[in-house]
Amino acid sequence: MQRRKVTAALAALAALLAVPPSMAAWGDTPRTPKPETAARPWQRQASGTENQLRGLSVVSPTVAWASGAKGTVLRTVDGRTWKRFTVPGAEALDLRDIHAFDADTAVALSIGPGDASRIYRTADGGASWALQVTNPDANGFWDCLAFWDRDNGIVFGDPVDGAYQILTTGDGGATWQAAVDPDGLKALPNEAAFAASGTCLSVAGTDDAWFATGGGARARVFHSADRGRTWQASDTPIPAGAGAKGVFSVGFRDSQVGLAVGGDYSDRHLATLNGARSEDGGATWAPQQVLPVGYMSVVVPVTGAPDSFVAAGLAGSGYSLDAGRTWKVLDRTPVNTVGFASPTAGWAVGPKGLILKYAGPQLGK
């Protein structure tokens with residue numbers, strides 16, 4: 001299936017990406033510090049792994065979780081040092097998404113066909129993990145998960161029999177129920193999602209959810225205003241029409257204002273439209289060039305700064321302080337995803353175990 005080829009190509013491309021030479025020394029203390037060192041917006045932190053990292057959940061300025069290939073999970077509780085865990089039973093799986101509730105409790109999502117798509121949970125800081133649910137459909141492929149609160153969450157997966165998979169929970173993930181909306185969740189030919197950053201699905205408030213797609217004739221965003229029971233799809237101006245093109249991430253600050261980003265992951269510096277902006281909850285989208293130009297795999301609102309967003313991908317990272325209307329470049333370092341606890345506290349993760357802590361300008365008033 002094309003979806004499997006897309007995921008394989010993503011992994012192959014990521015494997016070819018080495019951390020830029022300039023990054024290797026970021027954690028060092030040079031004898032003669034260069035003047036520009038203090039101005040670098042991201043500071044590298046030791047992760048203890050070279051596995052690809054794509055999942056990130058930032059709980060507070062000191063607590064964050066990350067996840068990635070080979071069942072890898074990492075956690076910091078002091079904002080500086082990271083402890084690595086390998087989820088038992090997931091050693092061969094790719095944990096593309098993670099959602100943490102606090103320093104002790106988190107759920108991690110693995111991707112893959114059929115029963116390779118799973119959700120694991122820890123309640124003791126990663127010391128032990130319980131398998132909560134496995135995709136029961138051999139043709140299924142889960143991409144992302146999100147939670148409105150500790151009890152209510154949602155999982156999104158690629159089309160099965162022509163319709164996207166949506167499952168919701170009201171008990172913290174102990175049990176999951178499938179949404180039945182074949183018309184609202186109907187997929188285009190060759191359309192699917194990109195499990196590139198854990199943000200192809202996002203939520204806001206208490207009831208709203210959105211997911212993003214690509215690969216088909218049009219790049220779309222689907223919206224639900226009732227916790228995933230019913231859905232409405234809208235076209236975006238972001239180019240699609242090929243397996244590597246489309247919307248990779250969607251993020252809303254509230255029920256109305258949000259951004260979608262993407263591009264072409266096979267050409268991270270391709271100078272084409274890589275963003276879109278909505279002011280009506282995703283019903284309509286206007287083109288919005290996000291900086292830096294190129295492939296973006298994530299866009300997130302900044303906690304504590306209603307008008308601030310950060311976008312990032314293999315082209316680098318950028319920020320907006322006016323709800324996505326204008327953008328400035330932060331850095332050119334390739335990353336997979338970002339997350340923020342405040343306008344001054346956040347992280348990014350990426351290829352070869354890369355973890356970066358935000359040290360740039362305050363992202364909001």
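**Entry 1. Terms and model**

I count two strands as paired if DSSP finds at least two bridges between them. Helices (H or I, at least four residues) and strands (E, at least two) are DSSP runs, which I number from the N terminus. I note that this is a predicted model, in which local features need pLDDT of at least 70 and side-chain atom pairs count only at pLDDT 80 or more, while totals for chains, interfaces and linings use all residues. Residues are numbered from 1 along each chain as its sequence is written, and side-chain values use heavy atoms, with hydrogens and water left out.

**Entry 2**

S10 covers residues 142-147 and runs antiparallel to S11, to which five bridges join it. Within this pairing I found Leu145 opposite Val155 of S11.

I then followed S11 to strand S12 (residues 163-169); these two are also antiparallel, and six bridges connect them. Phe156 has Ile166 in S12 as its bridge partner. S11 and S12 form a hairpin with two residues between the strands, and there Asp161 adopts a positive phi near 55°.

How many residues of S11 are buried? I count eight of eight across residues 153-160, and the strand is mostly covered. Buried here means under 20% relative accessible area, exposed over 50%, and partly exposed in between (1.4 Å probe, protein chains only).

**Entry 3. The disulfide**

I searched the whole structure for disulfides, taken as pairs of cysteine sulfur atoms within 2.5 Å, and found one. The link is between Cys144 and Cys200, whose sulfur atoms are 2.3 Å apart. I recorded 120° about the S-S bond, which makes the link right-handed. Cys144 belongs to strand S10, whereas Cys200 is in the loop between strand S13 (177-178) and strand S14 (201-204), so the pair ties together parts 56 residues apart in sequence. Both Cys144 and Cys200 are buried.

**Entry 4. The sheet S2-S3-S4-S5**

I next looked up an open sheet of four strands, ordered S2-S3-S4-S5 and paired antiparallel. Strand S2 (53-58) and strand S5 (83-86) stand at the edges with a single partner strand each, so one side of each has no neighbour in the sheet. From one strand to the next the twist averages 20°; axes are lines fitted to C-alpha atoms, for helices over the stretch in contact, and angles run from 0 to 180 degrees between N-to-C directions.

Strand S3 (residues 64-68) pairs with strand S4 (residues 72-76) over five bridges in the antiparallel sense. I noted Thr72 in S4 as the bridge partner of Gly68.

**Entry 5. Ser308**

Where does Ser308 lie? I located Ser308 in the loop between strand S22 (298-301) and strand S23 (309-313). Its relative accessibility is 1%, so Ser308 counts as buried. The Ser308 side chain reaches the backbone oxygen of Leu363 at 2.7 Å. Leaving out residues up to four places away in sequence, I listed what Ser308 touches: Val300, Pro301, Val302, Ser320, Leu321, Leu363 and Gly364. Contact means heavy atoms within 4.5 Å.

**Entry 6. The chain as a whole**

The chain has two helices and 28 strands, and 59% of its 365 residues are buried. Of the contacts with a separation of 6 or more, 52% come from residues 24 or more positions apart.

Methods:
A polar contact is a pair of N or O atoms within 3.5 Å; within protein, one must be able to donate a hydrogen and the other to accept it, and residues adjacent in sequence count only if both atoms are side-chain atoms.
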